[in-house]
Each structure stands twice: as structure tokens, then as C-alpha cells.
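Me: I would like to go through some side-chain contacts in this structure. Could we begin with what the terms mean?

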Amino acid sequence: MSTRTMGRRVLLFICFLSLGSALGQVSYSIPEEMAKGSLVGNIAQDLGLDLKRLKSGKARIYTGDSAEYIELNKDRGVLLIKERIDREALCGLTTPCALHLQITLENPMEFYSVTIEIIDVNDNAPMFSTKETKIEISELSPTGSKFILETAEDDDVGINGVQSYLLHPADNFVLKTQDMPDGSKIVQLILQMPLDREKQEHISLLLTAVDGGDPQMSGTMPIVITVEDANDNAPVCFLPVYKTSIAENSPKGMILTTVKASDADHGENGKVEYYITKSSGGTTNLFEIDRNEGVLKLSGSIDYEKNKHYQIDVQARDPGRHSDTCKVIVDIIDVNDNQPVINIMSKPSALSEDSKAGTLVTMLNAQDSDSGDNGKVQCAVNDNIPFSLKSTANNFFSLVTDGDLDRERVSKFNVSVTCADEGAPSLSSSVTLSLQISDVNDNAPVFEKSSYVAFVQENNTPGLSIFTVRAEDADCNQNARVSYILEDSSVNGVPVSSLVSVSADSGVIHALRSFDYEQIKYFQFRVKAQDGASPPLSSNVSVKIIIQDQNDNAPQVLYPVQSGGSVVAEIVPRSADVGYLVTKVVAVDVDSGQNAWLSYKLQKATDRALFEVGLQNGEIRTVRQVTDKDAVKQRLTVVVEDNGQPSRSATVNVNVVLADSFPEVLSEFTDFTHDKEYNDNLTFYLVLALAVVSFLFIVSIIAILSVKCYRWRRERMFYKSGANLPVIPYYPPLYADVGGTGTLQHVYNYDACRTTDSRKSDLKYVRPCIESIISLDTSGTQTLTHAHREKLATERSDKQQKPPSADWRFTQNQRPGPSGAAATPEVAMGTGPWPNPPTEAEQLQALMAAANEVSEATNTLTPGTMGLSTRYSPQFTLQHVPDYRQNVYIPGSTATLTPNPQQPQQALPPPQASAAQPEPPKAAQTPASKKKSTKKDKK
């Protein structure tokens, strides 16, 4: 393949794979034999391409391996004839004939297919392959005789091909044309008038083939007819019967005789040919005759035993089919060429091994198809077998036993019988009789071993196959079919049939239950093997099953005893030295071997650096000296692990008390019980706590959603009511609005701070002082008198504690307002000195600043807007106004009041004076604070 052709193929492959390629197809039809440079078509116009695109894209034609008949003119955008196109050379008889080419463009790559159909032109005349046809016709040929003529060939196709044939002259013959299914034609020359050689010996004809093109073209072929002479004389044989003889098995080609005949005609009509027409043996392929000379030869194998003589009919025939017949008789001479044939009269199926000597086995007959001495036969059997052959009349022989038979030693005898004739040379043949010796049950089953020992792991699954016992019986068939039976016996008073079973057919021993090594180490039983004869023979064997131990028992701790009702603790004096023996963990494992090897490890300990456990003996000893910093109560968890695979283990808790006296020990016993109960119920408490927290979370979500919905509906309701709401009066900080319509919507609670030693103390709640609350009637129109207010202020000032030093300064977190709501690390909440409380004037001044916002409002207050005017957006709620009531300091107290909108409003009680050190008052507990206190008490 040239480099140019390879490049074109690569270009075509790239055209197919290019993502930017465009596919198109254009078809043209042109006649063949157009001159070079003839226009095929305007490809640029037909494909819608610009001439600039053809030049910039380097347009070119790809035709593959075929010749280039078309070229592309890029300047004009047309396809031109590059080489003269001969349709017959290009496509032959194939129709339609087309050229397939591709036009490729680059940048971007484009691909177009162009198909040019080549139209046939009548440029070829019909032609005959032979220049002259000669036909020989006998003068006796009947009218209507047909002779096939050669047809003409035209390279053109369709209407331009051969359409008809003409014959000239048409005196004695006419033409007949027959169309075939494949489109071809058969031209026949038919004899119309009888021929006479004496009048006209040669006839000349002209056959013309005409096509259907325009202009019409034709081709001719001369035909010469030769009239042959008639044969009017038949051949005559010299002898009517010829006789000869030949020995059988003679070689092929041997001449038997020669047959002669004569014909009175001259020339070809007087020429005689010889043919074998019939043979008495039924096979004409045994003999052959020379057609011209009449020599009869042997062409096959002849056998005296099949045919002793043959009669052959030979026909002498001239070319005119005139003939004469003579007969040839061939006698066959016998030769000793056949071996004796041995026939078994009755073939025995089997011979019993307990047959007595002289038992007739079978009868044989030996035949030889030869004659005379060649057909006399003598027979004998091979040596070293317990059989003999006795002769009877007419070539019959009897085969009888001549000794004892044993199937187990020889189960089959091949008796070879040889028979030979008395010919010269002598021929013989032999036959082999396969005598199968039938079995007699004279052998008992024999086990492979005298005794069996098998091993099985304990804790086996019932039905497990332990092993297989196998016995062999030298007999065969039913006599050798061994069945296995478990003999009755007992193991420790238990029938062995409840422990194992034996498969009667395979001898597989199965375990019927799970064995326990700790209960039974091994057991023995006997298995009997019995054949299937009647009566049967049997034998038995001893089987011993040894149970192998598994690590199925965990170690058991004997000491220290683990009891649920009491607590056992080991006392270690604080003056104990290093290596002091605290106690010894004693454990046993009922398994055996390495499964019972125990090791001791310290799993958990209050102080791992204080104790150690002996790996082999389980002794717990001190590692270092006991110090005063060591906890009195020590809990050790010791793991006892065996050496099995997989290993099993047990744990034991050892309580150790570091004390020098017994009373110290008693004080710690209750804590041991508490810790044990705590560990036992830890899982239960964790699950219960998780369930409670989940339930409270769901309830809280539902409650929050409900409150949100309720508040939204109220805000919408109050917002729509507008100016119909009453004006909420303003109250000073010391007043309480019990009607629920004032601006004081928060409840004040105590934030209690407690010490770490107060886990067992009770939380005391201070009952509110009724006298410190000023109640209003439900109408909300009464106010506190000036005298009553001064009296209340005097009582409060008398009960206040002495204020702290004037050098104390406020921090940012202790100032009133939102900035002082949280504590800072500088001063903890509820501890340390407290600042001077704000005066009543300061409190009123702060609240009046918020009241000024109310006085500027043109509409009444709503619960969501703090009574602000409509020029404030509805979103301007309570969170936009500073709340000066978040941290309020109680004069003479270390507690701080914080708002809690979830509890009812109540005034704070006055501080209680006591002779002891004043204790900060405790705030009323919410459910959350109660839960925290409960958790602290538990810890």
C-alpha cells in the first residue's frame, strides 16, 4: 500500500471522527465514454458551499484505492472528467454502475459523499466466442431434432445487450430461442425437413445476433452441417459360445479369452465395438472387455465358494447401434483360501464356581467352505485352564469343565478355541470365549482394620459424621453387599444406640447427641458387617470413640466469694510494705489441658500503681508503700483467663480498705454497697434518662409552637382592635399590678449560690412577705397614699443591713440595665461585697424615661408594643426598650433579683436578721433548678 493511499485513509478516518464535520451527499448521472474535461456537476452549488471555502478548506477528492476518474476544479467549484470512463471495464455486467467518492474540507473538517452513476452506451456489438460451428447430422435423423447452438455475448447491459437471433437460409432448419430465469437465452437449431446425404452432403448456415441499442449493432457466426451416411448392416460374432477356466484368487488383469465379430459396412459404419451386457453372477464389475479388440480380462476378485462358474454375454455393436451377442462360460477352480468358521451354538451367561468337573459349558461347530481336504477341520483349546474340548460327529465339539473353579482367585476365563483345516498350506482360525464365573457366598466381610479409634470434639452438633468403618467382601454382587449394624451394648448404663448410629450402607458413624468431655472421656462399641446373601456371613470390629476437650467452660472463681447480700473487703494496713500479700484469687477451670491453664490480670483498679496481680498464682500484692493520699476504698477488678482458643474469662471484684483499725472499715461498707448498686443500675438509669429527655424535648417543642401561635393570634386581635384598648396606667417600681394589665410583667426570683459542701443540706424557700406587697383593686384605679408609702419606706430602711465601704466601685456588670445582667469573672454572683443599692429617685427616673414614650403615643397600648405610638413599627416590641428591671439589688442582701415571666408576680420579702452569720436568701426554684439540685445531691 502506497504512502499516498495510507494518507487518504487516515484523512477519511479523521473526517468521520471530527466533531466539527458535516455530512452531506450528492448524486450525479453521466453517460460513459465522456471526453476528458467534461462537466459532471457544480458541486459547490449543490452542496451550498462558497468558492472561498473550497480554497481555504483545501478541498480534495478521496476515492480510496480505485482509479481517479473525476477531478475537482476549486476555482469554478465543479467536478470534471479526469479520465475516460468505460462502464464495461469499471462494473462489467453489474447494474447500476456508480462511482463513490468523498470530498473533504479542513478548518473545520467537513466530509461530503458524492455518488456518480455511469449510464451505459451501446458501444459494444454482440460477439460469438467461436468463429465457426460444425455439426454432423445423420441422414436418418427425424424431423424436429434439436441441436443447441452457441449464444453471443454483449458487454453492454439492458436494452443494449443481445435481444434476438436470425438464421439464413431457413430451408431445412429453423431457430428457436428460449429465455432462462437468469436472463440468458438458449438458441436451438431444429431440423424442419429430412436430410439426404446423396443430394446434399454439406449445408452452410449464417447465425446473426442483434442487440437493441441505437444505433443497432450485430454479430454473425457461420454454421456448417455435415450429413452422415446411414448404417444399414449389423456385426456378426465368429462363435456363439466361448468357454474358459480360471483359478480363484487369480490376479486382476488376467486374460480369459478373446471375442471376435465382423461388419459388412465400410468406414465408421463397419467399425465394431464390444460390450459386456450381462453376467450370471450378478456382478458385471468382475470382468472387463476391450471395446476395440474384444479381449476379456479379470477385473475383480472371484471366489469359488460364492460362484463356481460364470456366464457372460458379450455384445458386438457398430456406431449405428446395430449389434450381435455371443456367450462366454468361465469355470472357477477351487483353492484352499478359506479359514474354518467357528460357530458357538449356545453361549453361557455365567458358570457357578461350585460346578463339578465334566460340566458342559457350551457347544461349538466348525465349518470350512472349501472342498475336499481343504474343508476338513480339527479343533483344540489353550492350555493351563480347567476346560477341555470333546469332538462329536459332523464337526460339532463340546466344551466341558476339567477342574475346580474359584471365583475369588479367577473370576473370568478367556477360553481360546483354535480350528485348522487339512489343506496345503493349512489354514486355521480361533475364537475366544469369555466365561464369567458366578459367585457363591463363601467369604465373610473383612474390615480394613482389626480395631478403629476415632476422635471427636465435644459440643459437637447432633448428626455429625465422626468417621467411617469399611469392610470388604471378596464375593460379588449381592453376596458382596455389606451392611453395617451397631451391636447392642451400653456405656455407663446408657445404650450405645442413643450415642451413635451407623449408616447401614456406607458405614458412616454419626453422633446422635452432643458429647461433653467433662462427663465422658471415651466409649467403645462393636460394629458388625454382614453381607447380603442368604444365609448371610458376618464379622465384627471394635470401635473406640475418644472425646476431645474444647474450651467451653469459663473459669470459676472460688475465692473471694461474690455474694449479693454482703460486702467482703480485704483490710490492708497503711503501714504495709512493698509486696504485702493482700489476698489471693483462687479459680478453677473444669476443662483439661491448656484449656485449664489460668492466668490472672488486673483489669481495673482505683489506683493501678498500688497493686499488682500474679500472672500464674493470682496473688494480689502491693507495689509500693501505702501513703495518706491513697483513697481508703480501693476496688480491684481481676480477670481470670484460660489458655483455650478462643479463650474464656471471668472477672471478680476485690474490695480493699486501707485502714489501721476495724471501725474505719465499717464506715466505708455502705459506700461499697452503694457503688455496687450504682454499677448494676447504671444502664437502666441511662436508658431512663434518655427517654425522659426525649419526651421533655418533644413537649417543649409543642409548647413553644403553641405559645407562638397563641401570641400571634393575640397580637393580630389587639392590632385590629386599635384605639378601643384602654390606656394602661403607669406604676412606680414599688407597686405591683395584680390585675395583670400593667407594664410590670416580670417576676423576680433569687439566684442562689451554694458551696460545694452543701450536697446534703436542704434548700430553704423564703415565703414572701405579704406586708411588702401593695395590691390594687381589679379596676386598677386606686393608688398608694403618701403616708402609707413613707411608712413602708421607713420599715424597709430599718431592716436594711449596713452598706459596704464607700471605696467600693461599680463594675460594668453590676450596673442597672441590660449591661449588668450577666456576671463577670471579676466578682462572682452572690459573693463578695455588694454596691450601694440605687435610690428610689434613681429608679423612678429610669422608669419615667420609658413612660415618656407612652405619653407621646396617640393610640392605646397593646401587649406586644409596650404602648408605643403608631409611628413605631409593630416590630418595635419590648426588646427595643432597655429593661431596667433585669438586675435589681436588694438593700442589705447579697442576692440579685432577676425576671422570670413564667411565675406569678410577688414582691420580695424583707431580709431576716439572725444572730448567726447572715445567709444569702435563696431564690424560689424552678423545675429546671430543682433538677440541677437533684443531680448535685446525687453526685
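Reply: A polar contact is a pair of N or O atoms within 3.5 Å; within protein, one must be able to donate a hydrogen and the other to accept it. Please note that the model is predicted.

Me: Which side chains does a polar contact of 2.6 Å join?

Reply: The side chains of Asn 249 and Asp 337 are joined by that contact.

Me: Where does Asn 249 lie?

Reply: Asn 249 is in the loop between strand S16 (241–247) and strand S17 (255–258).

Me: Is Asn 249 buried, partly exposed or exposed?

Reply: Asn 249 has a relative accessible area of 45%, so this residue is partly exposed.

Me: And what is Asn 249 in contact with, leaving aside its neighbours within four places in sequence?

Reply: With those neighbours set aside, Asn 249 is in contact with Ile 302 and Asp 337.

Me: Changing topic: how many aromatic pairs does a search of the whole structure find?

Reply: The search finds 9 aromatic pairs. One of them is Phe 387 with Phe 413, an edge-to-face pair at 5.6 Å centre to centre, with 75° between the planes. Phe 387 belongs to strand S28 and Phe 413 to strand S30, 26 residues apart.

Me: Are Phe 387 and Phe 413 buried or exposed?

Reply: Phe 387 is buried, at a relative accessible area of 3%. Phe 413 also counts as buried, at 13% relative accessibility.

Me: Which residues do ring pairs link into a cluster?

Reply: The cluster consists of Phe 447, Tyr 452, Phe 467 and Tyr 484.

Me: Lastly, which ring does the charged end of Lys 544 sit over?

Reply: The charged end of Lys 544 sits over the ring of Tyr 522, 4.6 Å from its centre.

Key
Residues numbered from 1 in each chain as written. Predicted model: local features only at pLDDT ≥ 70, side-chain atom pairs only at ≥ 80, totals over all residues. Heavy atoms only, no water. Helix = DSSP H or I, 4+ residues; strand = E, 2+ residues; numbered from the N terminus. Buried < 20%, exposed > 50% of the residue type's maximum accessible area, 1.4 Å probe, protein only. Contact = heavy atoms within 4.5 Å. Phe/Tyr/Trp six-rings, centres within 6.5 Å; stacked < 30°, edge-to-face > 60°. Lys NZ or Arg CZ within 6 Å of the ring centre and 35° of its normal.
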